[in-house]
Amino acid sequence: MASRLERSGEPGLPPFDLKPLLTKLWPLSNDVTPEEIAEAISHFFTNQVTEAQTAALLMALHFTKMDLRADVLEKTVRVMLKAAEDIAVDELNAVLAKRGRKQGVYNGGLCDIVGTGGDSHNTFNVSTTASILASSLLMVAKHGNRASTSKSGSADMINSMKPKAPVLSAIKPDSLVKIYSETNYGFLFAPVFHTGMRYVAPVRKQLPFRTIFNNLGPLANPVEDVLEARVIGVGRRDLGPAFAEALKGAGCRKALIVCGEEELDEVSCAGGTLCWLLIEKSPGGEVFIEHFIITPEDFGATRHPLNEVSPGKEPAENAEILRRILCGDLPEDDPLIDFIAINTAALFVVAGICEADTSDMGRGDDGKVILERGHAGQRWKEGYRRAKWAIKSGEAWKQWQAFVEITNKIGS
């Protein structure tokens, strides 16, 4: 499987010397452009930079705070995506069109919900669970990895699912069409799609702080070219505007960046959440960024302190909680259900499915669309209603089971 960049194992790729850039970058960075940083990082993925210079650049970006700048993130995520494995865009678009999941102003494209991590709250795998609930109505491409700063990363939990776990290694660029022909859900395991990151991983592990790649990961969904909408949680509020501007500059038209006021990389169930919404005022028109603070009550949900929701546990324990949620075995008023439902609701809102004025979701749907609008003119309470339905109807569990079966079939 080849990426859009020549693979590093092939001959003819000379070492790339970062000393001129590093000299300019530290201790002052005024003369360094985002393009220079992006070009330097592009050579990480082809193993052309020594570990010493790789570490030096990551440290310089961290201490100059250039790794928090929107223009640097925008330019660098482009080279990271260019280095990712090739995706069959036309074939994927064809299967998505055939699945015909359009509703409201949702066009049936792929959607993602992901967080940067590193917020020190060690909560349950909320975005991963929300992504599975969202697959009840949306086509989902959840981009995830193993744990970095928590006990249980998204891939760790998914690999521990019972009675049968999906085969994550079976989810490759050339199997995506088959997977989305059978299910609304896909989990894109980052190392399979961003293979060049294997040269950076040893360096990152030796550094005592988070690097630019912790910010690039959530922005670099490998199916970017067919991604319609996304929710990204950031663990520090100063990243919100930077992420929003980076996405806007990259041409994204539907996105919500969230940061709980506790510096939480989720929509908070305990209080306010800072939001930056990328929104079109008219179809195909200019994209604006609207900033506001949303609370659980805006979704029609109950507020719960973070210590009342399930803390992050080991992967097997989190997987069992996930199974119980999907099977409807947790009480409907469990605080964790509300926490996950408001995050799922956020993705439903951003995707545009809540703009449908009729409800025909199927079993368990009361058909009573909530037309009330809140912040940025969006139907947050309708999103929450649909999220609760995703559990009660069993549709999210159905999509999960189809995902498990197709990946096991491909991987056998």
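Predicted model: local features only at pLDDT ≥ 70, side-chain atom pairs only at ≥ 80, totals over all residues.
Is the crossing of helix 2 and helix 4 left-handed or right-handed? The crossing of these two helices is right-handed.

**The annotated stretch**

**Helix 2 with helix 4**
- Two packed helices are described by the angle between their axes and the distance between the axes.
- Helix 2 spans residues 34-42 and helix 4 spans residues 70-83; they pack at an angle of about 30 degrees, and their axes are 8 Å apart.
- Because angles under 35 degrees count as roughly parallel, helix 2 is roughly parallel to helix 4.
- On the helix 2 side, the contact is made by P34, E35, I37, A38, I41 and S42. Their partners in helix 4 are D71, V72, K75, T76 and V79.
- Sorted by class, this contact of helix 2 with helix 4 has six nonpolar, two polar and three charged residues.

**Helix 4 with helix 12**
- Helix 4 also packs with helix 12 (residues 239-249): their axes come within 8 Å and cross at roughly 50 degrees.
- Helix 4 and helix 12 are therefore oblique to each other, and their crossing is right-handed.
- A70, L73, E74 and R78 in helix 4 touch A242, F243, E245, A246 and G249 in helix 12.
- The contact of helix 4 with helix 12 has five nonpolar, one polar and three charged residues.

**Helix 11 with helix 12**
- Helix 12 has a contact with helix 11 too, at an angle of about 50 degrees and with the axes 12 Å apart.
- Helix 11 and helix 12 are therefore oblique to each other, and the crossing of this pair is right-handed.
- From helix 11, N215, P218 and L219 meet L239, F243 and L247 of helix 12. F243 is one of the residues that helix 12 brings to its contact with helix 4.
- By class, the contact of helix 11 with helix 12 has five nonpolar, one polar and no charged residues.

**Aromatic pairs**
- How many aromatic pairs are there? The count comes to eight aromatic pairs.
- One of them joins F45 and F213 in an edge-to-face arrangement, 6.2 Å centre to centre with 75 degrees between the planes.
- F45 lies in the loop between helix 2 and helix 3 (51-64), while F213 is in helix 11 (residues 212-219), so the pair ties together parts that are 168 residues apart in sequence.

**Backbone details**
- Most residues other than glycine have a negative phi, and most peptide bonds are trans.
- N47 is not a glycine, yet it has a positive phi of about 60 degrees. You will find N47 in the loop between helix 2 and helix 3.
- The peptide bond from K162 to P163 is cis, with omega near 0 degrees. P163 sits in the loop between helix 7 (154-159) and helix 8 (176-182).

How values were computed. Residues numbered from 1 in each chain as written. Heavy atoms only, no water. Axes fitted to C-alpha atoms, helices over the stretch in contact; angles between N-to-C directions. Helix = DSSP H or I, 4+ residues; strand = E, 2+ residues; numbered from the N terminus. Parallel < 35°, antiparallel > 145°, perpendicular 65-115°, else oblique. Left-handed = near helix turned anticlockwise from the far one by under 90°. Contact = heavy atoms within 4.5 Å. Nonpolar A, V, L, I, M, F, W, Y, C, P; charged D, E, K, R; others polar. Phe/Tyr/Trp six-rings, centres within 6.5 Å; stacked < 30°, edge-to-face > 60°.
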